[in-house]
Amino acid sequence: MNARERMLRALEHKNGQLPDRVPTFVEGMMADFKRKCDDQYGEDLDDDMIFDLGANWAFTRFFKFDSQWLHSTPVNMKPLQGIEPSNIDLGEANLRLNRWGHIATKTSGRSTGEAWGYSTGYLNTKEEWQKWIDAGYFEFDVSEDWIRMWERDYPKFVEKDLILVPVDTIFEKVREAFDFGKFAYFLRKERAFMEEITRKIFKMGMAYVKGVCDAGFEIITIADDTAYKNRVMYSPKIFEELVAPRYKELNDYIHKRGLLSFYHSDGFTEPYFPGLIGAGFNGIQSLEPAAGMELKHLKETYGDKVTLIGNLDCSRLLPFGTTEEVAAATRQCLDDAMQGGGYICGPTTGIIDSCKPENIKTMVETVHKYGRYE
């Protein structure tokens, strides 16, 4: 069975129709991690993959992952008219504002050097929101060139036994435009306004979905972070009333076109599982154990309804654990979730710079050895 058949079979999760083994999925790999891999395993790289498809995918195939995210979208947001976020004075030199109204903070001292990370939102009044909406906050177009390019190139990856899964955020874009306290306030006190901007951002989400379908992909991810470690960001009841019905519209279209979908969020997402399952997602990822996501419990509770994806810890195990610890944790994931199908193994996040290449190799090899159904 090839990677395509394996991933589709696991996500379809039909009773009695198992893949040959548990598939593996990875979000991606950071640059310093790939440099370490090059030092450690560079002589063993698949030169054909590098030549045909680009060096970005070389280590994904070296480690023999079945699937990886494609961080690319056919949707292009139009520039704001009359507002230049980079010219807005935020009072500190280490802060930066983007066209979504997200404020990022500059950090340094990391092995990868200077970086910018989301810190809070700028659009905290209806008046400011309206100014940005009037400037074209929700205006976009769809790239036919992107669709034609991936219509041509996706089959090349399938032929090389690597399934690319396009990923984009939708509701997270507007959630992060608020300071979190203001986001909670608007959910309680400005529900009609929140419903309106949710409708607008999901119009963009539908364009993303349609473009991915038109390009010929077979699996799609929607990634909207909704949780912290051990707690959710906002009420599951509000999620089920406000956001989940929009996801269902997308999934109804996705399934009508013959694709499968899975949802991504870090953190303690279990309280959202009923809404996500009701919205029609075929899978849920990342199942972060450090956030309280217990795979055995999730399998027993939801394993007949949705495919579970992930659960190998990126905060301690893969960066600092021994290969023996990684092999044991991987086998535990398999013991907890592979029975009856509906499990895809992988790290809970992208593979960060501090991860050890030998640990990633051990994880995948353990799945290949012990994750077989045949």
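Trainee: At what angle do the axes of helix α6 and α9 cross, and within what distance do they come?

Mentor: This is a predicted model, so keep that in mind throughout. The axes of helix α6, residues 144-159, cross those of α9 at roughly 35 degrees and come within 8 Å.

Trainee: Is that crossing right-handed or left-handed?

Mentor: Right-handed, as α6 passes α9.

Trainee: Which residues meet there?

Mentor: From α6, W146, I147, R148, W150 and E151. On the α9 side they meet G211, V212, D214 and A215. Sorted by class, this contact of α6 with α9 has five nonpolar, one polar and three charged residues.

Trainee: Why do you give both an angle and a distance?

Mentor: Because two packed helices are described by the angle between their axes and the distance between the axes.

Trainee: Fine. What are the angle and the axis distance for helix α14 and helix α15?

Mentor: Helix α14 covers residues 323-337 and helix α15 covers residues 357-370; they pack at about 40 degrees, with axes 9 Å apart. That angle makes α14 oblique to α15. The crossing of α14 past α15 is right-handed.

Trainee: Which residues of α14 meet which residues of α15?

Mentor: In α14 they are T323, V326, A327, T330, R331 and L334. Their partners in α15 are E358, N359, T362, M363, T366, V367 and Y370. By class, the contact of α14 with α15 has six nonpolar, five polar and two charged residues.

Trainee: And how do helix α12 and α14 pack, at what angle and how far apart are the axes?

Mentor: Helix α12, residues 295-302, packs with α14 at about 20 degrees, and the axes are 8 Å apart. The two are therefore roughly parallel to each other. Their crossing is right-handed.

Trainee: What touches what in that one?

Mentor: L295, K296 and K299 in α12 meet C333, D336 and A337 in α14. That contact has three nonpolar, no polar and three charged residues.

Trainee: New topic. In the largest nonpolar core, which residues touch the most other members?

Mentor: F63, W129, Y137, Y234 and Y247, out of 119 residues in that core. Helix α9, residues 191-215, supplies the largest share of the core, 13 residues.

Trainee: Take Y137. What does Y137 touch, leaving out residues up to four places away in sequence?

Mentor: M77, L80, R99, W100, G101, L123, W129, W132, K173, V174 and A177.

Trainee: What about F138, is that buried or exposed?

Mentor: F138 is buried because its relative accessible area is 10%, and the cut-off for buried is under 20%. F138 lies in the loop between α5 and β7. Leaving out residues up to four places away in sequence, F138 touches M77, W129, I133, V174, I197, K200 and I201.

Trainee: How does K14 sit relative to G340, going by C-alpha atoms, and how many residues apart are they?

Mentor: Their C-alpha atoms are separated by 9.3 Å, and the two are 326 residues apart along the chain. K14 lies in the loop between α1 and β1. With a relative accessible area of 46%, K14 is partly exposed.

Trainee: Last one. Which residues of helix α2 are buried?

Mentor: In helix α2, residues 31-41, the buried residues are D32, F33, K34, C37 and Y41.

Trainee: Which helices do the buried residues of α2 pack against?

Mentor: They pack against α4 and α15.

Notes:
Residues are numbered from 1 along each chain as its sequence is written. This is a predicted model: local features need pLDDT of at least 70, side-chain atom pairs count only at pLDDT 80 or more; totals for chains, interfaces and linings use all residues. Side-chain values use heavy atoms; hydrogens and water are left out. Axes are lines fitted to C-alpha atoms, for helices over the stretch in contact, and angles run from 0 to 180 degrees between N-to-C directions. Helices (H or I, at least four residues) and strands (E, at least two) are DSSP runs, numbered from the N terminus. Angles under 35 degrees count as roughly parallel, over 145 as roughly antiparallel, 65 to 115 as roughly perpendicular and the rest as oblique. A crossing is left-handed if the near helix is turned anticlockwise from the far one by less than a right angle, and right-handed if clockwise. Contact means heavy atoms within 4.5 Å. Ala, Val, Leu, Ile, Met, Phe, Trp, Tyr, Cys and Pro count as nonpolar, Asp, Glu, Lys and Arg as charged, and the others, Gly among them, as polar. A nonpolar core is a set of buried Ala, Val, Leu, Ile, Met, Phe, Trp, Tyr and Cys residues joined through side-chain atoms within 4.5 Å. Buried means under 20% relative accessible area, exposed over 50%, partly exposed in between (1.4 Å probe, protein chains only).
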